[in-house]
Amino acid sequence: MPTFEKTEPAAPPEEILQGREFVLSTDEERNAAFEQAFDYRGDVTLELRSGERIEGYLFNREPAGDPPSVSLLLKGSDQPRQVAYSEIAKLVFSGKDAADGKSYEAWKAKKKAERDAEAKRIEEKMKTDGYL
Amino acid sequence: MALLALTALLAFPFDMADQSVINSPDRPMVPLSQMFTVATYVMGQKLRGRKRYPLVLMLEPLFRCNLACAGCGKIQYPEHILSRRLTPEQCWAAAEECGAPMVSIPGGEPLIHPEIGEIVAGLVERKKYIYLCTNALLLKRKLDLFKPSQYLTFSVHLDGLQEEHDEAVCRDGTYKTAVEGIKEALKRGFRVTTNTTLFEGANPERVREFFNEAMALGVEGMMLSPGYSYQKAPDQEHFLAKKRSTELFKQILGNPDKSWRFNLSPLFLKFLQGEIDYDCTPWGMPTYNIFGWQKPCYLLQDGYAKSFAELMELTAWEKYGPKSGNSKCSNCMVHSGYEATAVDDTFGSLAGFFRTVRATLAPNRPL
């Protein structure tokens, strides 16, 4: 039997970010937090040093930009908003993670239920026919 | 000029068994004008000494889809992002800015876009060859929005026979609806291809059976690719590693049926079977969507550029592709990264040209 190279999972199991908050003081903390936010498929809330809070989908981060910044699409606004790293005091993963795999889990559960029901139906027929 | 036409014929559509692409009047085929346009475009880029040029614009006018396929990592966004769409003007501007002769419209499901008819009409007006990638659930209902044209092809997502396809897209009945859509589109004179992604667990015999069935529908050709291991896809267990991919494609494409025709470069099919070792051409099929120009390719999201020029000039291309050592690229053999490499190989040297000739005329013989 041939042995095939096994596919590694595309990503290591991720920590659950939804609901987490990060207070950002150093460049290192900002870089790490915005990388995670860029990878996150839900909305985030930024608390700015000015006191303003903005919520939206963070779709870009430019750590090498001048100045380093993130870009968000805010609910109800057509234009992206760019915010410098230095203006941001706190990052909250406030929105639901749309890549949590729930729809696929539901499909798998549905298929499993169908297979189980079919197996049960066959088993009962076998019993009725005296084969079991 | 004759050589150019011959090259065009050889490089793009691929009939597995013979040259019936050239001599079969009763079967639909890629129009000569498309082959010629693409061939002259690529030759033009070569003559200008351009190392990096786009071949196909991947235009994603929206992310919303009416399916949630297990292997898709494209549509997992918050509701307000799924509700956003590119306007027709943005789509046309992107096509002009990019300059590629072909435009593929994936998504999301493009037929959900309320202005898709207008978008396509504008691209046809600009003489772009369009592949509108659809799951065809709405195709029958939306066909009136379009006019048959040599510039427009519906590329219908079918991942196998009914059982495999419905399983891949996580909804029963999808195959049947898609086939009805294909039949109706063909009846009305539209160009139609199928578009198949294969994952771990694909049964070569069933895939071959599917190819027979797809060709029997009367489609112009088939597109084929292994799936990419999207980090955000719901199913992380069924992506193909490289070695397994080539084993699978050898089993599927070896001893091909005479009816099979692929809308792919013959060299890409050889690459899938492990006969050529190519590096990726991530700039070959640049992607534009509501976030901008996606870096670096259709599959990976490493940020966005504000313009096509910025994408081409500021992306650190050396960080991508299997030869870069980037782990996200190591198992990727996806069409969007390697078809452009194969086409570039055809036009890049006489050796490449003769490889293409050989792969076309004797697809069963190793290169």
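**Questions and answers on chains A and B**

Q: Which word applies to B:Asp159, buried or exposed?
A: B:Asp159 has 25 other C-beta atoms within 10 Å. A residue is buried if 20 or more other C-beta atoms lie within 10 Å of its own, exposed if 12 or fewer, and partly exposed in between, with C-beta atoms placed from the backbone. B:Asp159 is therefore buried.

Q: What is the average pLDDT of chain B?
A: This is a predicted model, in which local features need pLDDT of at least 70 and side-chain atom pairs count only at pLDDT 80 or more, while totals for chains, interfaces and linings use all residues. Residues are numbered from 1 along each chain as its sequence is written, and chains are lettered from A and ligands numbered from 1 in the order in which they are written. In chain B, 92% of the residues have a pLDDT (the predictor's confidence in each residue, from 0 to 100) of at least 70. The average for chain B is 91.

Q: How many contacts does the stretch 17-25 of chain B have beyond near neighbours in sequence?
A: The pLDDT is below 50 over residues 17-25 of chain B. Two residues are in contact if their C-beta atoms, placed from the backbone, lie within 7 Å. Beyond near neighbours in sequence, the number of contacts of this stretch in the model is nine.

Q: What distance separates the C-alpha atoms of B:Asp159 and B:Asn195?
A: B:Asp159 belongs to the loop between strand E5 (152-157) and helix H8 (162-168) of chain B; helices (H or I, at least four residues) and strands (E, at least two) are DSSP runs numbered from the N terminus. Not counting residues up to four places away in sequence, its contacts include B:Glu164, B:His165, B:Thr196 and B:Thr197. B:Asn195 is 36 residues away from B:Asp159 along the chain, and their C-alpha atoms are separated by 7.4 Å.

Q: In what order do the six strands of the open sheet in chain A stand?
A: Two strands pair if DSSP finds at least two bridges between them. The pairing in this sheet is antiparallel. The order is E1-E6-E2-E3-E4-E5.

Q: Which strands of chain A stand at the edges of the sheet?
A: An edge strand here has a single partner strand, so one side is left without a neighbour in the sheet. In chain A these strands are E1 (21-23) and E5 (81-84).

Q: Which residue of E6(A) stands opposite A:Glu47?
A: Strand E2 (residues 44-48) of chain A pairs with strand E3 (residues 53-62) of chain A over four antiparallel bridges, and A:Glu47 has A:Arg53 as its bridge partner in E3(A). E2(A) is also joined, again antiparallel, by four bridges to strand E6 (residues 88-92) of chain A. In E6(A), the residue opposite A:Glu47 is A:Lys90.

Q: At about what angle does helix H1 of chain A run to E3(A)?
A: Axes are lines fitted to C-alpha atoms, for helices over the stretch in contact, and angles run from 0 to 180 degrees between N-to-C directions. Helix H1 (residues 27-39) lies across E1, E2, E3, E4 and E6 of chain A. Its angle to E3(A) is about 95°.

Q: Which element supplies the largest share of the side of chain B that touches chain A?
A: In the model, 26 residues of chain B are in contact with 22 residues of chain A. Helix H4 (79-82), helix H11 (242-253) and strand E11 (301-305) of chain B each supply at least two residues of the side of chain B that touches chain A. The largest share, three residues, comes from H11(B).

Q: Which word applies to B:Ala136, buried or exposed?
A: Most residues other than glycine have a negative phi, and most peptide bonds are trans. B:Lys127 has a positive phi near 60° and is exposed, with 11 C-beta neighbours inside 10 Å. B:Ala136, in the loop between E4 and helix H7 (139-142) of chain B, has a positive phi of about 70°. With 27 C-beta neighbours inside 10 Å, B:Ala136 counts as buried.

Q: What is the omega of the peptide bond from A:Asp66 to A:Pro67?
A: A:Pro67 is in the loop between E3 and E4 of chain A. The peptide bond from A:Asp66 to A:Pro67 is cis, and its omega is near 5°.
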